[in-house]
Amino acid sequence: MSHDTVMHARGLCKTYDTGSESVSVLSNLNLEVAAGSFSVIMGSSGSGKSTLLYLLGGLDRPDEGEIVVDNLRVDRASEKELAGMRRDSVSFVFQEANLVPNLTLLENVQIAGLLSDRREEVNQRARDLMKVVGIEDLADRLPSQVSGGEQQRCAVARALINEPALILADEPTGNLNSASTRDVLDLFRQIHGQGRTVIMVTHELNAACCGDRVCFMRDGAIIGEYKFSDDQDPDRRERLLFDWLSERGGDAWRLGHSPGQSETQEKRCGAKRFVHAGGHNRYHHFSGVAICFGKPRQYPS
Amino acid sequence: MESPVNILLDDLRASHIRLELDTQIHDKNAVYAWFRDRPEVVSVTDPMAVWQSGSDVIHNGESIKKSLLLIERSFLDRDHDHVRILDADPEVLSGDRPVPLPGEIWITNQLALSREIERGDTLQIPTSAGKRELQVSGIVVDPFNNLENVTPASCWVAPGFLTFMAPPADLTEVYLGIRVAEEHQAEPLAEAFRTWLGSELAGSMLTVKILRLAYGLFTRIVAVALLVVAILALIIAFFIISATVTSAVFSDYKVIGILKAQGFTPSQVNGIYLRQYLLTALLFIPPGILCGHLIAGALHRGAMEEIGLLGSEGINPWFLVLPALLVGGAILLCAWWTCRRAGRVRPMEAIRFGAPSLHVKGIFKPGTLQWMPLSVFLGFRNILLNVKRSVFAMIGFGFTVFVLVFSVNITHSFSNIHQHAGDWGMVAADLSVRLSSKRFRVRPEQFQEAMQVDPAVSKTLAHGSFSAVLPPKRGESPQELFGNVFVGDMSSFGMTNLEGSHPVSGDEIALALNTARDGPYRPGDTFQLYAEGQLLEFRVTGIYQTGQNFGQGFRFGEAAAKRFNPNWKPRYYGLNLKPGLDPQEGKDRLQKIWGEAVRVTTSREELRELVDILSGMKFALSMLCLVLLAVSGVSIFNDTILSIKEHRKVFGILKALGATSGMLRMSIVWKTLSTILFSMLAALPTSLWLIPLGLGKLAEGIGMVHFPFSINVTGTLLIIPGLLLFGLACAWLPAGRALAVDPRELIVE
Ligand SMILES: Nc1ncnc2c1ncn2[C@@H]1O[C@H](COP(=O)(O)OP(=O)(O)OP(=O)(O)O)[C@@H](O)[C@H]1O
Ligand SMILES: [Mg+2]
């Protein structure tokens, strides 16, 4: 592991037992993430992206392989060490904001801060962060009283309050309309600009273009990596990435299916439908701007 | 509850009046003839000889610490005063021989139960000629002799047998049982008898009215206890139903929204839940009724056993079915009410936001979060989020606290009763001495002098009883009244007045509460009393309460007694020993010095009857406490599991943010603890205020408005950590099990 690697995973294997059969989700996956980098993970539905993220964040344990985050052997750490790691050095942003429904936005941000030892000035830091993500006026609203984009921005603020070294984001814009998506992506760019390490899973091309590299996953392993060069403008990046992806997955990728999918994989898609209800109808067209196929959301202001 | 007493009185054709006569003073045959010739009298028993043994009756090598009143049972097959024979020789059971054989004894069911005496056991009874052994050959029920606190423990022996037990000089008392045609004729007959007698009755008269009062008091207490349990059960049933249904509706909120969006009407949705839970509720009603029947039956049987009425009929099943139906109806109503919540779900919000999240703004200031431990904050938050359920839980705990406080303090009050003897209208003395009126006599002056120089005795109070008649008012019949005469300062032995002061001079008197109420008399009023052939006037100085004679009576000084009878002498002495001396040793010493001329009892023995009631109550109370604790435990358990279920997702989120399992567990435990703490804060003072008040109300009938309730401070305070620990244990276990779940699963669902 080179000196500027904040995280690496080696030989990761993960199998789920559904009772009737066991599903191999990750098989011999290797990943290395440099400090201060912005890695994007893409791949078809069911390829194991979320699973990977949960393993990296210590919310789940691998069957085999090693994960090291900030010099901590995550795969062997105790519950307590994992909780400490999540508190102080790794933060999550989920597809759904996952705010605590009965706390105000401000309290949602604070609560993460209060979990850590650095309790002083939590209030002030939370307010500052809310200003950064642009929801300072909504501090006293409940999650149900703000839009999905605003919820997601609150979730980002919450992820930042303990100044984590590593941020894991699982489709943070998956549920958002285009305007909100842009706002949240801008936030991630800012975070990255401050020198934090970000790993983001996404299905959207324009989101993927925020990163410095894209890892492409299929069948539980990373099968390729695309590095952006700094001088490319966004449109060009998107086109290049699209071409690169098309080479790997072809049209089938766009539909969420790998070509020549085996029968077991059909089954897996079935299982997947079961686990992620409605997961299949939120695939996005990319034509410069991501379009969400689901019902457009409208929120009370 | 009243009916068993009626059945017993009617079935056994109990006497309406029981007369105890001193045959040295009254002519028993004349009395018998007088009653027999009265038109309203149905039958009179032959005079039955009675004799009271000493208290050192030995059973199985141990003293039963109770004196027995041996009654000779008559051979004549009379028309009333039967006993119900529960256990005896076949010959007796078949009715061939209605009396015990010589050398045998029949005892009451109550004595048998409280002292664990069985048929075939032997009782060693102390007589002046040494111990005599009698074999228990029958266990019987007799309404007049079953209540220990109304009468001494009565037993029956063969006719003529008492002459083998005691010298003829001691056999001066007889019992007569009189039954009239209609019960209400008993009181007037008793008064007519007194008038006929002219002089004071040497002996006593017990009428069925007093008997009913005594049984009534007992049944009322049992009824109140049953009511408390019933109310509690209802509250808990409501609590569990509403909590379960509500949480089911909340967890299905989105589904309900979707159903509604697809065209389900509110009542259809409502119906889904109602049917689901009503079915369960209905399934439980028949076993519920059965259980209720068994429990009520057992309680009833226990209660009847306690007053010695075992063998009387069970409870009329309608008395059970009716309330069960009512309770069932109430439960259905409660289920329906909570299910309406499902019908009211608004589809748009349900689908978009899921279950509404209640928010409690303003309770915590923005800064609060900074210093309050997070788990405490979350715990409070959870309480406030579901105020209704928390309030229900608190009411349940409140009840438990109430019963615990009651149990702890009532036990304490009774076990410290000798310190409060004054409130019970008794002399609070370490030792009571009764001077014998029989063969070996000691003159009161002589005893008094000896006590004044006795090295062990610090204080003495001489007193005696005085029986008088209240002049009739407004055409009522005259009423016999028992009083106490005190030689010296009454307050020195703990006697108090509810209002006014103790009588001192010869024309002053203090009245017992119910006597004062019947007048009514107030301090300062004039009060007339008839005794020893003269009617004298007194000024009422005070009103006091007493647990004796159903709150009837009076107190006055020696001078007053001497106005009636210049020769009046005290026969009782209350003695306080010098500090640090053992009452039992003091008793033994005095008894040894004075021999048969005195009978010494310690205050504990004096209050033996009350202490007996206590031991019966202790068991019942501890059972009640255990049941309540078990129920509270189950409801805490249930509540914890429900609230974890409801907050699963939040716990998942917090775990992903880095909260440890321990912290989440603490937040749940905190919730339970603070619920318990809140309800204790409310229930403890309320109970301490309410219990003496309620006891006063209950005991008002016997003339005790201020129940001598003494608070056991340590015991009461111990309830607080005790219950908290209990709550901790009940919440800790389920909280841990549920939180072991993988955070990923928690979030994803
Ligand atoms: N608890 C589980 N039990 C069994 N199978 C599971 C479980 N969780 C996930 N899987 C399976 O593991 C595979 C990978 O799931 P994962 O959520 O990582 O996919 P993903 O790449 O994030 O997909 P998406 O793009 O739809 O979010 C899927 O096929 C899914 O069905
Ligand atoms: Mg996923």
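Me: Which hand does the crossing of α20(B) and α21(B) have?
Reply: This is a predicted model. Helix α20 covers residues 648-656 of chain B, and helix α21 covers residues 661-698. Their axes come within 10 Å and cross at roughly 145°. The crossing of α20(B) and α21(B) is right-handed.

Me: Which residues in α21(B) does α20(B) meet?
Reply: Start on the α20(B) side, with F651(B), L654(B) and K655(B). By class, the residues of this contact divide into 4 nonpolar, 2 polar and 1 charged. The partners in α21(B) are S661(B), L664(B), S667(B) and I668(B).

Me: Are α3(A) and α5(A) roughly parallel or roughly antiparallel to each other?
Reply: Helix α3 spans residues 105-115 of chain A, and helix α5 spans residues 148-160. They pack with their axes 8 Å apart, at an angle of about 25°. Angles under 35 degrees count as roughly parallel. Therefore α3(A) and α5(A) are roughly parallel.

Me: How many nonpolar residues does the contact of α3(A) with α5(A) have?
Reply: From α3(A) come L105(A), N108(A), V109(A) and A112(A). They meet C154(A), A157(A) and R158(A) in α5(A). In this contact, 1 residue is polar and 1 is charged, and the nonpolar count is 5.

Me: What percentage of the residues in chain A is buried?
Reply: Chain A has 9 helices and 12 strands. It has 301 residues. Buried means under 20% relative accessible area. The buried share of chain A is 57%.

Me: Is N60(B) buried or exposed?
Reply: N60(B) is found in the loop between β4 (58-59) and β5 (62-63) of chain B. Its phi is near 55°, a positive value in a residue other than glycine. Most residues other than glycine have a negative phi. The relative accessibility of N60(B) is 64%, and over 50% counts as exposed.

Me: What is the phi of E532(B)?
Reply: E532(B) sits in the loop between β19 (526-531) and β20 (534-544) of chain B. At 45% relative accessibility, E532(B) counts as partly exposed. It is not a glycine, yet its phi is positive, at about 50°.

Terms used:
Residues numbered from 1 in each chain as written. Chains lettered and ligands numbered in written order. Predicted model: local features only at pLDDT ≥ 70, side-chain atom pairs only at ≥ 80, totals over all residues. Heavy atoms only, no water. Axes fitted to C-alpha atoms, helices over the stretch in contact; angles between N-to-C directions. Helix = DSSP H or I, 4+ residues; strand = E, 2+ residues; numbered from the N terminus. Parallel < 35°, antiparallel > 145°, perpendicular 65-115°, else oblique. Contact = heavy atoms within 4.5 Å. Nonpolar A, V, L, I, M, F, W, Y, C, P; charged D, E, K, R; others polar. Buried < 20%, exposed > 50% of the residue type's maximum accessible area, 1.4 Å probe, protein only. Left-handed = near helix turned anticlockwise from the far one by under 90°.
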